[in-house]
Amino acid sequence: SGLADFVPLAYFANSYILVSTDEGLTLFDQHAAHERIMYEQFCARQKAKQLTQQKLLVPVLIECSADEAVWMNTAGPFLTSLGFEIEKWSGGTFAIHACPPELKQQTLSSLVRDFMQESALETPREKIMPDRMLKSLACKAAVKFGMPLTTLEQQNLLRDLQKTPNN
C-alpha cells in the first residue's frame with residue numbers, strides 16, 4: 001500500500017507523524033519530509049523554466065558590500081529562474097520585488113544572505129551553487145519542526161511525499 005492510504009496513527013511533539021506500513025510502523029519527520037517535497041518541486045520548476053512568483057507590496061531591501069554586490073549581479077539570472085525579482089536599487093542596495101510564493105517575506109533577506117555566505121565558502125566568491133541554493137530554499141520554505149499540522153495536513157504531506165521522485 002502507498003502512503004496515500006496511510007492514516008496518521010499518532011502525532012508527536014508537533015513534528016513526527018507515525019503511520020502503519022506493510023513493513024511495520026514508520027515515523028516521519030514533518031520538516032524533513034516537506035523539505036524533500038519542496039526541493040523536488042523547486043528543481044522541477046527550475047528545470048522546466050516555470051517561473052512562479054509572488055509580488056511583494058513593499059520591496060525587501062538588502063544592503064550589500066562590494067563583494068556581495070558582485071555575487072548578487074552574478075546570481076541574478078539564477079535567482080530569477082527560481083521566482084525572485086531583484087533589482088539593483090542604489091549603491092550597494094538591492095530590492096527584492098518578488099519571490100517564490102512558498103517563502104515568507106520576513107525570511108527573504110536572511111535567505112539571500114545565507115545564499116551569499118554559502119557561496120563565500122566556494123572559490124571564487126561569486127560562484128553560484130545551484131543545488132545548494134535549491135536545498136536552502138526548500139529548507140526555508142518547508143514547515144518547521146514544532147509547527148502544528150492538522151490531521152488533513154499530515155495526510156496531504158504523506159500523499160505529496162509519495163508522489164515525490166526518489167523518496
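Me: Leaving out residues up to four places away in sequence, which residues does T164 touch?

Reply: Before the list, two notes: residues are numbered from 1 along each chain as its sequence is written. This is a predicted model, so local features need pLDDT of at least 70, side-chain atom pairs count only at pLDDT 80 or more, and totals for chains, interfaces and linings use all residues, while side-chain values use heavy atoms, with hydrogens and water left out. A contact here means heavy atoms within 4.5 Å. By that rule, and skipping residues up to four places away in sequence, T164 touches R36, I37 and E40.

Me: Is T164 buried or exposed?

Reply: T164 sits in the segment after α5; helices are DSSP runs of H or I with at least four residues, strands are E runs of at least two, and both are numbered from the N terminus. Buried means under 20% relative accessible area, exposed over 50%, and partly exposed in between, with a 1.4 Å probe and protein chains only. The relative accessibility of T164 is 7%, so T164 counts as buried.

Me: Which residue's backbone oxygen lies 2.8 Å from a polar atom of the T164 side chain?

Reply: A polar contact is a pair of N or O atoms within 3.5 Å; within protein, one must be able to donate a hydrogen and the other to accept it, and residues adjacent in sequence count only if both atoms are side-chain atoms. For the T164 side chain, the backbone oxygen at 2.8 Å belongs to D160.

Me: What kind of aromatic pair do Y16 and F145 form?

Reply: A search of the whole structure turns up one aromatic pair. Rings of Phe, Tyr and Trp (its six-membered ring) pair if their centres lie within 6.5 Å; planes under 30 degrees apart are stacked, over 60 edge-to-face, the rest tilted. Y16 and F145 come in at 5.6 Å centre to centre with 80° between the planes, and that makes the pair edge-to-face.

Me: How many residues apart in sequence are the parts this pair ties together?

Reply: Y16 is in strand β2 (residues 16-21), and F145 is in the loop between α4 (130-141) and α5 (151-163). Y16 is partly exposed at 27% relative accessibility, and F145 is exposed at 52%. The parts that the pair ties together are therefore separated in sequence by 129 residues.

Me: What pattern does the chain follow along the sequence?

Reply: The chain has five helices and six strands. Read along the sequence, they give β-β-β-α-β-α-β-β-α-α-α.
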